[in-house]
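Here are my notes on the charged side-chain pairs, as promised. Have the model open while you read.

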Amino acid sequence: MSTSHPHPERQEPPQHPITPRRVSFDWRETPLVWIPGEPTATHVINVLHLLLPAGERWFVKVFKEALPLVRDEQLLKDVKGFMGQEATHSVQHSSVLDHLAHQGLDTRPYTRHVDFLFEHLLGDKPPFGVPVPAREWLHFRLSLIAAIEQFTAVLGDWVLDADGLDRAEPDPVMLDLLRWHGAEEVEHRAVAFDMYQHTGGEDPARRGRRILGMAVTAPVLLYLWGWGAAYLLRHDPQLAAPSRYSLRAHNRAVRRGLLPTWRELGAAIPRYLRRSYHPSQEGSLRTAVAYLASSPAARAAAGAVGRAAVS
């Protein structure tokens, strides 16, 4: 049941600490098209690797700037745990970009635009000298992160239960990366929202900025995703001929359960905009924590740490 949230204090604290985890992925055997026979589904999902390294570094940078505004000790702990998890995500997705480059797919012509977006258009100061006060610019960027995290929570919940991916027999290392990351997104799904609510001032300005954050985030993400999928398909050196992104191929992958439905993604927007909404309503924390306990990459990294400790 949803509850009202009229004040900036936290609504539902998590039931366990949010902490970064060691993981270890070996990409040597991962093919470029890691969902067999499905280049469109593969590269639509691969857009994550294009967006997340710069995006998650930006999350950490903005949250560092906002830390002095936090007056809740539990929220402060969770924010620091969130920052650690996001930094780890950035590193791991960057390693996938290196793997793509090693296989002949250079993503730099695309990712330099993503870097420009986060480093300059959404940097420490408003772009082009726009006269926005520093505190308001910080609030706006926090509202963007909260909106982005709404989608990452929805995607994380989807990938944990994506039986269609299992049936397609994808590369197990890539599937583990996606599910490990998705599980942590579900685990920390409320932190960015709580951070914004706590530091974003009073309503109606806080709610108006929350709406604006989603109004900016949703179309920009859709544009970047379509552009990224088209770039990857066009430049994949292992396809017989340069391929184009098409909605027909995308929707075929959706019907096979290889991608989330448009309805699943679109419904996340009005849900987020409800006054009573809180991200703790997204996904299953129990499912996420169970996967994090069984992830091959997390278990391999823990084993390596243990062997080092006794050697």
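**Notes on the salt bridges**

1. Start with Arg-256 and Glu-38: they form a salt bridge, with 2.7 Å between the closest N and O atoms. Arg-256 sits in the loop between helix H9 (247–255) and helix H10 (262–266), while Glu-38 is in the segment before helix H1 (39–66), so this pair ties together parts 218 residues apart in sequence. Keep in mind that this is a predicted model.

2. Are the two partners buried or exposed? Arg-256 has 39% relative accessibility and counts as partly exposed. Glu-38 comes out at 8%, which is buried because the cut-off for that class is under 20%.

3. Next, look at Asp-124 and Lys-61, whose side chains meet in a salt bridge at 3.9 Å, N to O. Asp-124 lies in the loop between helix H3 (108–121) and helix H4 (134–160) and Lys-61 in helix H1, so parts 63 residues apart in sequence get tied together here.

4. Arg-108 is exposed, its relative accessible area being 59%, whereas Asp-106 is partly exposed at 31%.

5. One more to click on: Arg-21, Glu-184 and Glu-187 are linked in a network of salt bridges.

6. How many salt bridges does the structure hold? The count is 12.

Technical notes. Residues numbered from 1 in each chain as written. Predicted model: local features only at pLDDT ≥ 70, side-chain atom pairs only at ≥ 80, totals over all residues. Heavy atoms only, no water. Salt bridge = Lys/Arg side-chain N within 4 Å of Asp/Glu carboxyl O. Helix = DSSP H or I, 4+ residues; strand = E, 2+ residues; numbered from the N terminus. Buried < 20%, exposed > 50% of the residue type's maximum accessible area, 1.4 Å probe, protein only.
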